[in-house]
Amino acid sequence: MRRIGRVGFLLALLAVALQPLLSDAQGAPIKAEDKRMPKITEAREGAFRCDTAPALLVGKSLADSPAFLPLQERLQSRFQATMAPARPDGQLPGSPFILIGLAQDHPALRQLLADHQAKLPKGGLGPEGYILDITPARVLIAASQPAGAFYGALALLERDTAAEKGLTIPAGTVADWPTMGWRGMHLLVNSRADLPNLETLITEYLPQLRLNQLILEINYHFQYRSHPEITEGDALTRDDCRHLKELADKHFVRLIPMINCLGHQSWAEHTAQLLKSHPEFDETPDYPADNKGIYCRSWCPSHPDINKVVFALIDELVDAFDAKAFHVGMDEVFILGQCPRCKGTENARLFAKAVNDLHGHIVGARKLQMLMWGDRFLDGDATKYGEWEASKNGTAAAIDLVPKDIILCDWHYETSYGGAPATYPSVRLFQDKGFRVWPSGWRTEENVRMLTGCALQNQSDRMVGYLATTWSGAGNIVGGLSGSVPPPQGRENRGDLPAAIRKGAQIAWEGKVGT
Ligand SMILES: [Zn+2]
């Protein structure tokens, strides 16, 4: 249940006030539990040990890519030297060097990949896999795509045992690749005050955790030009979004902006700015202004002008982030079918209309991927999920009325339902219906283990990965991951969000649930 969101928001504000002490240019120190266990490791005698700077050779395919930048930055910091990358030629140097590139960039890299082909998955290393080959004389980092070279460089640097000066990397061969393709996090962006922590998250923690997708729930906290009256609070500018996108590109993270559509138009006594500035869109305008007795307001999916306004907001966020995907939210819609326009139409049809209208714009007109929460498509009784993680208000039948190319974020936060251990039947159900599904867990390691275990059992091209939801701002997340903010305590906050994020990231990459 998401009713905890307000507490998370307050914690986020607290965390912003207690800005964590961030480490030096080398980035936040990586914790032992964040080091991935590679799928293939072969040890070798000795180490690649340098007291003076080794040559940095970068393959032609990576010349314009940020993949080698972590390597370059580490070398510059350790050797206090400008490390201009050189292009490798046929004859490799006799002095110590690090060569990073794709197979086609050098015969030595091609040979390294060929030598290990038999042990790799059927399709090879994939877009994010890499091979490291370390001898006392040199290091090779080979990959199929730039993202793999980036993760290879990070993995190499994490093996470095030198304290402050030089490099000491134990010799051996490492081949690794992620089991799950989309390793994501969802968070709330409520203010420009979140920006420093968002930058830290994108540049340090997501790469460490090997997460490659970040859903930014922005809602009305953006300075909309088409509808300035809908902008709420200290909102992000277009330049802020572009800056975040640049950082994300540099760290191989895809940003997915999000507006919670249809439902969640209020939270406790606060009504969000869309319905405040456009009360004509309110599905229940007669409900008390302080929202007493209701969970969240909804907009009316049948109002003839709602789409024009919402599409303009979506377009602005998509353009600001140059986004290739958009998340429309749509969870926990309880108020539906009440206004004179909607009354008499089944809730499944009203919900499907809202989904189809958004799909027509996001996928049809803008040619983007569309994501949404999956709960309204699930039958709360048949699945035993209840009325929060699934629907008891007649919307479940909408699943057969919407296009199958929507990616369904299937959030489930409990570990048992109706007294029995959770089996999360929706992960399979959505795939059987033809949808791609993104299982989404939250704040306890047990929930994360059980849900990712279910995802791994149901692997197919319709199971895209694992999504860590946080219901927090970046300050709370960075504070939690760095240890500068204690994990929230208390009945409603049971669990340990940073530990749950770490566990999910580890399982998504390694593909093993463990104990
Ligand atoms: Zn209506």
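Visitor: Among contacts between residues at least 6 apart in sequence, what share join residues at least 24 apart?
Guide: That's 75% in this protein. Keep in mind that you're looking at a predicted model.

Visitor: What makes you say the size agrees with a compact globule?
Guide: Set the two values side by side. A compact globule of 515 residues would have a radius of gyration near 24 Å, and the protein has 24 Å, so the two agree. Along its principal axes, the C-alpha trace spans about 80 × 45 × 45 Å.

Visitor: How do you know that the length of helix 11 fits its number of residues?
Guide: Helix 11 covers residues 445-457, which is 13 residues, and at 1.5 Å a residue they should span 18 Å. The end C-alpha atoms are 18 Å apart, so the span agrees.

Visitor: Which residues of helix 11 are called buried, and why?
Guide: A residue counts as buried because 20 or more other C-beta atoms lie within 10 Å of its own. In helix 11 that goes for Asn447, Val448, Met450, Leu451, Thr452, Cys454 and Ala455. Their cover includes helix 10 (425-432), strand 17 (436-441), strand 18 (465-473) and helix 13 (497-510).

Visitor: What makes up the largest nonpolar core?
Guide: It has 150 residues, and among those with the most contacts inside it are Ile100, Ala142 and Leu408. Helix 9 (residues 347-365) gives the most to this core, with 8 residues. Domain 1 (5-18 + 180-510) and domain 2 (40-176) each supply at least three residues.

Visitor: And what does Ala142 touch?
Guide: Leaving out residues up to four places away in sequence, Ala142 touches Gly101, Ala103, Leu109, Leu112, Leu113, Tyr130 and Ile131.

Note on methods. Residues are numbered from 1 along each chain as its sequence is written. This is a predicted model: local features need pLDDT of at least 70, side-chain atom pairs count only at pLDDT 80 or more; totals for chains, interfaces and linings use all residues. Helices (H or I, at least four residues) and strands (E, at least two) are DSSP runs, numbered from the N terminus. The expected span of a helix is 1.5 Å times one less than its number of residues. A residue is buried if 20 or more other C-beta atoms lie within 10 Å of its own, exposed if 12 or fewer, and partly exposed in between; C-beta atoms are placed from the backbone. Two residues are in contact if their C-beta atoms, placed from the backbone, lie within 7 Å. The radius of gyration is taken over C-alpha atoms; the globule rule is 2.2 Å times the number of residues to the power 0.38. A nonpolar core is a set of buried Ala, Val, Leu, Ile, Met, Phe, Trp, Tyr and Cys residues joined through C-beta atoms within 7 Å. Domain bounds come from an automatic or database domain assignment.
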